[in-house]
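Please read them with the sequence and the coordinates open.

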Amino acid sequence: MLQFSSAWGQELEPRKESEVKAAYLFTFLKYLEFGEDRTGPIIITVVGKEPFSGALDKYAGREIKGRKVKIIYLDHNSTEIKTANKCDLLYIDDSAILLQKKLLQMYNPYRPLTIADNEWFLESGGMINLVAVSRKIRWEVNHKVIKDSEIPLSSKVLRLAVNKEKK
C-alpha cells in the first residue's frame, strides 16, 4: 500500500510535469483488470503533438501483468487518425482538443481507458482528466462514463480522484 500511495500525487518539482504525467499513464494501466481475452501488447495511443517530451518512451517494452507496453504516436493532422486502431489507453493531447469528441467516439468500440489534461475532456465523454492541484498532478474522473463503459478500473483510482463520486 505504501508503494501505491507514493505513486499518486507526485510533486511537480523536481520532476518535469511531462515525466509525472507519463508515469501516471503507466501507473493507471497497472490498475486495469485485463480479461483473458486481451492478449498481445498493451497499447498506449497518443494523439496530437508529443506532449511527454520523450518521457513516455521509457515505458515502452516494460511489462504489466505479463504483457509488454507498446506506444503509438499519431499526429492529429495526419490521415492516420481517420481510423481508430485497437488500444488499451488513449491519450489525447491539447493539440487535438478540437477532435476529442470525435476521437472518443471512434475509439469507443475498443473500450480504451481515455485520458487527457484539459478542462473540457470529462464533459466531452473522457474518463480521466489530469489536473494540477497544489503543485501536484492529480486527476478527475468521469464516474458515469467509466461505469457505463464497464472498464475494469480499480476502485483505488476512483477513490483517489479529486472529484469523489457524490453519493
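1. Two strands are taken to pair if DSSP finds at least two bridges between them. Strand 6 and strand 7 meet this with six bridges, in the antiparallel sense. One of the facing pairs is Val131 with Arg138 of strand 7. The two strands form a hairpin with two residues between them.

2. The average pLDDT of the protein chain is 85, and 86% of the residues score at least 70. Residues 1-6 are the stretch to treat with care: pLDDT there is below 50, and the stretch has three contacts in the model beyond near neighbours in sequence. Where pLDDT is low, the predicted coordinates should not be read in detail.

3. On overall layout, the protein chain has five helices and seven strands. Their order from the N terminus is α-α-β-β-β-β-α-β-β-β-α-α. Of its 167 residues, 47% count as buried. Among contacts with a separation of 6 or more, 56% are between residues 24 or more positions apart. The accessible surface comes to about 9,200 Å², and carbon and sulfur atoms hold 50% of this.

4. Which residues of helix 3 are buried? In this helix, residues 100-107, they are Gln100, Leu103, Leu104, Met106 and Tyr107. Seen down the helix axis, these buried residues fall within an arc of 165°, so they line one face of helix 3. Lys101, Lys102 and Gln105, on the other side, are exposed. The cover over the buried residues includes strand 1 (42-47), strand 3 (67-74), strand 4 (89-92) and strand 5 (113-116). As background, an α-helix has 3.6 residues a turn, so residues three or four places apart point the same way.

5. Strand 7 (residues 136-141) has side chains that alternate. Ile137, Trp139 and Val141 point to one face and are buried.

6. Arg135 lies in the loop between strand 6 and strand 7, and its phi is near 65°, a positive value in a residue other than glycine. With a relative accessibility of 52%, Arg135 counts as exposed, because the cut-off for that class is over 50%.

7. Glu150 is another case of positive phi, at about 60°, although it is not a glycine. It sits in the loop between helix 4 and helix 5 (155-159). Its relative accessibility is 62%, so Glu150 counts as exposed.

8. The structure holds six salt bridges. Side chains of opposite charge can pair when their charged atoms come close. Asp117 and Lys21 form one of these bridges, with the closest N and O atoms 2.4 Å apart. Glu17, Lys21 and Asp117 are linked in a network of salt bridges.

9. How far apart are the closest N and O atoms of Lys144 and Asp148? In this salt bridge the separation is 2.5 Å. The two residues are four residues apart in helix 4 (residues 143-149), so about one helical turn separates them. Lys144 has a relative accessibility of 58% and therefore counts as exposed.

10. Glu63 and Lys68 also form a salt bridge, with their closest N and O atoms 4.0 Å apart. Lys68 counts as partly exposed, because its relative accessibility is 47%.

11. Ala55 is in the loop between strand 1 and strand 2 (63-64). Is this residue buried or exposed? Ala55 is buried, as its relative accessible area is 11%. Leaving aside neighbours within four places in sequence, Ala55 is in contact with Ser18, Glu19 and Ala22. Glu19 is 36 residues away along the chain, yet the C-alpha atoms of Ala55 and Glu19 are separated by 5.2 Å.

Terms used
Residues numbered from 1 in each chain as written. Predicted model: local features only at pLDDT ≥ 70, side-chain atom pairs only at ≥ 80, totals over all residues. Heavy atoms only, no water. Buried < 20%, exposed > 50% of the residue type's maximum accessible area, 1.4 Å probe, protein only. Arc of directions from axis to C-beta. Contact = heavy atoms within 4.5 Å. Areas by Shrake-Rupley, 256 points an atom, 1.4 Å probe, with all protein chains shown as cover. Salt bridge = Lys/Arg side-chain N within 4 Å of Asp/Glu carboxyl O. pLDDT = per-residue confidence, 0-100.
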